[in-house]
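Thanks for coming. I will take one structure today and go through it piece by piece, starting with a term we need.

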Amino acid sequence: MNKRHLLTFAALLCGIPGVIISVKGISAYTQISASKLWYLLIITALVLCGFYFMFRKIVNKYSERILSLKGKINLLHTFPVKGWVLLVFMMSLGILLKNIPNIPLEFIASFYSGLGPMLVVSAVRFLSAK
């Protein structure tokens with residue numbers, strides 16, 4: 001694969017879950033009473049900021065890595081081993097959260113509404129690195 005395909009693959013690995021998670025977070029917000037919204041929006045903003053700085057660093061690092069690779073590259077070389085471990089950890093954590101009963105709707109709304117959009121932003125940043 002060429003570098004543009006690897007960057008697109010990386011964008012899809014971030015963007016697709018990002019959209020799904022964003023929809024779940026926004027959907028949870030619609031089920032919460034208006035009296036709780038003000039503090040949940042503050043928490044969501046903090047989550048957004050935290051993930052922005054974390055994902056910004058990761059996207060920059062992995063984009064530079066992909067762009068520095070020579071010739072045709074195997075799809076598995078999109079991320080280093082540490083990146084794949086992080087991806088598997090995040091997916092496992094997401095599956096675990098989904099299967100834990102009685103997670104408060106406020107947590108889902110604020111956490112997912114912060115994580116999802118930052119994954120989408122990361123996808124856009126991978127695409128713009130081309």
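Helices (H or I, at least four residues) and strands (E, at least two) are taken here as DSSP runs, numbered from the N terminus. What you see is a predicted model, in which local features need pLDDT of at least 70, side-chain atom pairs count only at pLDDT 80 or more, and totals for chains, interfaces and linings use all residues. Residues are numbered from 1 along each chain as its sequence is written, and side-chain values use heavy atoms, with hydrogens and water left out.

First, the overall layout. The protein has four helices and zero strands, so to speak an α-α-α-α order from the N terminus on. Its C-alpha atoms fill a box of roughly 55 × 25 × 20 Å, taken along the principal axes. By contact I mean heavy atoms within 4.5 Å. Among contacts with a separation of 6 or more, 82% are between residues 24 or more positions apart.

Next, burial. Buried means under 20% relative accessible area, exposed over 50%, and partly exposed in between, with a 1.4 Å probe and protein chains only. On that scale, 32% of the 130 residues count as buried.

Now helix 1. The expected span of a helix is 1.5 Å times one less than its number of residues. Helix 1 has 27 residues and should therefore span 39 Å; its end C-alpha atoms are 38 Å apart, which agrees. Its buried residues include L6, L7, A10, A11, C14, G15 and G18. Helix 2 and helix 4 are among what covers the buried residues of helix 1. In the segment before helix 1 sits N2, which is partly exposed at a relative accessible area of 25%. N2 and L69 are 67 residues apart in sequence, and their C-alpha atoms are 9.2 Å apart in space.

What holds for the interior? A nonpolar core is a set of buried Ala, Val, Leu, Ile, Met, Phe, Trp, Tyr and Cys residues joined through side-chain atoms within 4.5 Å. The largest one has 24 residues, and F51, F55, F79, F111, L115 and F126 touch the most other members. At least two residues of this core come from each of helix 1 (3-29), helix 2 (34-68), helix 3 (81-99) and helix 4 (105-128). Apart from this core lies another, of five residues, among them A28, Y29, L40 and A109. As background, nonpolar side chains in soluble globular proteins tend to be buried together.

Which residues does L115 contact, leaving aside its neighbours within four places in sequence? They are I21, V47, F51, F55 and M90.

On to helix 4. Helix 4 has 24 residues and reaches 34 Å from its first C-alpha to its last, close to the 34 Å expected at 1.5 Å a residue. At Y112, helix 4 bends by about 25°, where the bend is the angle between axes fitted to the seven residues ending there and the seven starting there. P117 also lies in helix 4 and counts as partly exposed at 29% relative accessibility. Not counting residues up to four places away in sequence, P117 touches S22, L48 and Y112. P117 and G18 are 99 residues apart in sequence and 6.1 Å apart in space, C-alpha to C-alpha.

N102 is found in the loop between helix 3 and helix 4. N102 has a positive phi of about 65° although it is not a glycine, and it is exposed, with a relative accessible area of 77%.

On a 1 Å grid over the protein atoms alone, a cavity is a set of points where a 1.4 Å probe fits but cannot get out; a pocket is an open set with protein on both sides within 12 Å along at least five of seven lines; and lining residues have an atom within 4 Å of a point. Grid points are joined across faces, edges and corners, and a volume is the space filled by probe spheres set on the points.

The largest pocket holds about 750 Å³ of space. Its lining has 30 residues, of which P17, I21, M90, M91 and L119 lie nearest its centre. Helix 3 gives the most to that lining, with 11 residues.

The largest cavity has a volume of about 40 Å³, and its lining includes F51, Y52, M118 and V121.
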